[in-house]
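This report describes a single protein structure, given below with its sequence.

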Amino acid sequence: MEKIVSKEILHKKIKEHKKKGKTISLVPTMGNLHDGHIFIVKKAREESDIVIVSIFVNPIQFGKGEDYKIYPRTIDKDLDKLKNICDYVFVPKEEDVYEKSSKDINVAEDNIAKTLCGKFRKTHFKGVLKIVLKLFNICIPDFAYFGLKDYQQYFLIKKMTKEFNLNIDIKPVSIYRDKDGLATSSRNSYLDKEQRKKALKISESLNLIKDKIKSSNEKSAEKLKKIVLSKLIPNLDVQYIEAVNKTNFEKTKTVDSNTLFLISCFCDNVRLIDNLEV
Ligand code: PAF
């Protein structure tokens, strides 16, 4: 594994690998790597010749008052975890990623990016799409991997890739859960013991949806959402719970095999998201 800071050097190396017919995978991350990230990297390792993991805490995807400044930066530990499972760790400097003159150019998705998480984090997906497009152009991967805990992010990146004819296969990776059921997230490290106990209600409430569908074939998204809410309130401050069709992100009234339930809530001041594919 080689750590690379310069985008030019990385790009050149990748082009040489491509000339030799090697397949390239990219796993974009913001670091503070957990088991869920490692699971994704290992999957990429199985499916391609060269694996790049990028680590960059992207300032423009954080809104005012969000946790950009305190976001855990654990680069030495991260490099250690990646030592034997990828080829390159790309750790660009902020000034190399965002040249002063380019602030006005963005990828705008004016529909789904304004719903769900985008309703509460107004500029979040604009920032995500911009960094991901930049990373794609630097790393020119054949495959790029995204965890499905951030399902809306995955959906928008896939949409951008299709819209701009990027020749990249966007690979979804199922949610990786800790033994207690909590979906792995870098932000889980903010939780103390008591908060973690409360946070477990998120996955438990999603399981209630599964149980209810199985036991009584309940199809009403509204009724299923209410079951979740009754489990979460008053322990957690729910931002949204929604049911959508995962192929187009349109709201769903009647549950079918394409239904995706998505939740965002605050556990005290820690914002957590999770989802369930029915
Ligand atoms: O999911 C993340 O960690 C980030 O949003 C990503 C895709 C690395 C872009 O900064």
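This is a predicted model: local features need pLDDT of at least 70, side-chain atom pairs count only at pLDDT 80 or more; totals for chains, interfaces and linings use all residues.

Lys 13 belongs to helix α1 and Glu 2 to strand β1, so the pair ties together parts that are eleven residues apart in sequence. Lys 13 has a relative accessible area of 24% and is partly exposed; Glu 2, at 34%, is partly exposed as well.

## Other salt bridges

The salt bridges of the model number 20. One of them joins Arg 196 to Asp 178, with the closest N and O atoms 3.1 Å apart. Because Arg 196 lies in helix α8 (residues 193-216) and Asp 178 in the loop between β6 and α8, this pair ties together parts that are 18 residues apart in sequence. Arg 196 is partly exposed, at 23% relative accessibility, and Asp 178 is partly exposed with a relative accessible area of 22%.

A further salt bridge links Lys 251 with Glu 242, where the closest N and O atoms are 3.8 Å apart. Here Lys 251 counts as exposed, at 66% relative accessibility, whereas Glu 242 is buried, with a relative accessible area of 13%. Both residues belong to a network of salt bridges that also includes Glu 222 and Lys 225.

## The parallel sheet

An open sheet is formed by six strands in the order β1-β4-β3-β2-β5-β6, with parallel pairing. Strands β1 (2-4) and β6 (169-173) stand at the edges; each has a single partner strand, so one side of each is left without a neighbour in the sheet. From one strand to the next, the twist averages 25°.

Within the sheet, strand β2 (residues 24-29) runs parallel to strand β5 (residues 143-147) and is joined to it by two bridges. In this pairing, Leu 26 stands opposite Ala 144 of β5.

Helix α1 (residues 7-19) lies across β1, β2, β3 (50-55) and β4 (88-90), and it runs at about 145° to β4. Helix α2 (residues 35-47) lies across β2, β3, β5 and β6, and its direction makes an angle of about 155° with β5.

Helix α7 (residues 151-163) contains 13 residues and spans 18 Å from its first C-alpha to its last, close to the 18 Å expected at 1.5 Å a residue. Its buried residues include Tyr 151, Tyr 154, Phe 155, Leu 156, Ile 157 and Met 160, and also Gln 152, Gln 153 and Thr 161. Just after α7, Asn 165 adopts a positive phi of about 50°.

## Nonpolar cores

The largest nonpolar core has 43 residues, of which Leu 10, Ile 52, Phe 136 and Phe 249 touch the most other members. Helix α6 (residues 124-139) supplies the largest share of this core, nine residues. Apart from this core lies another, of 23 residues, including Ala 199, Ile 213, Cys 265 and Cys 267.

What does Ile 52 touch, not counting residues up to four places away in sequence? Its contacts are Leu 10, Ile 14, Ile 24, Ser 25, Leu 26, Val 27, Tyr 88, Phe 90 and Cys 139. In soluble globular proteins, nonpolar side chains tend to be buried together.

Methods
Residues are numbered from 1 along each chain as its sequence is written. Side-chain values use heavy atoms; hydrogens and water are left out. A nonpolar core is a set of buried Ala, Val, Leu, Ile, Met, Phe, Trp, Tyr and Cys residues joined through side-chain atoms within 4.5 Å. Buried means under 20% relative accessible area, exposed over 50%, partly exposed in between (1.4 Å probe, protein chains only). Helices (H or I, at least four residues) and strands (E, at least two) are DSSP runs, numbered from the N terminus. Contact means heavy atoms within 4.5 Å. Two strands pair if DSSP finds at least two bridges between them. Axes are lines fitted to C-alpha atoms, for helices over the stretch in contact, and angles run from 0 to 180 degrees between N-to-C directions. The expected span of a helix is 1.5 Å times one less than its number of residues. A salt bridge is a side-chain nitrogen of Lys or Arg within 4 Å of a carboxyl oxygen of Asp or Glu.
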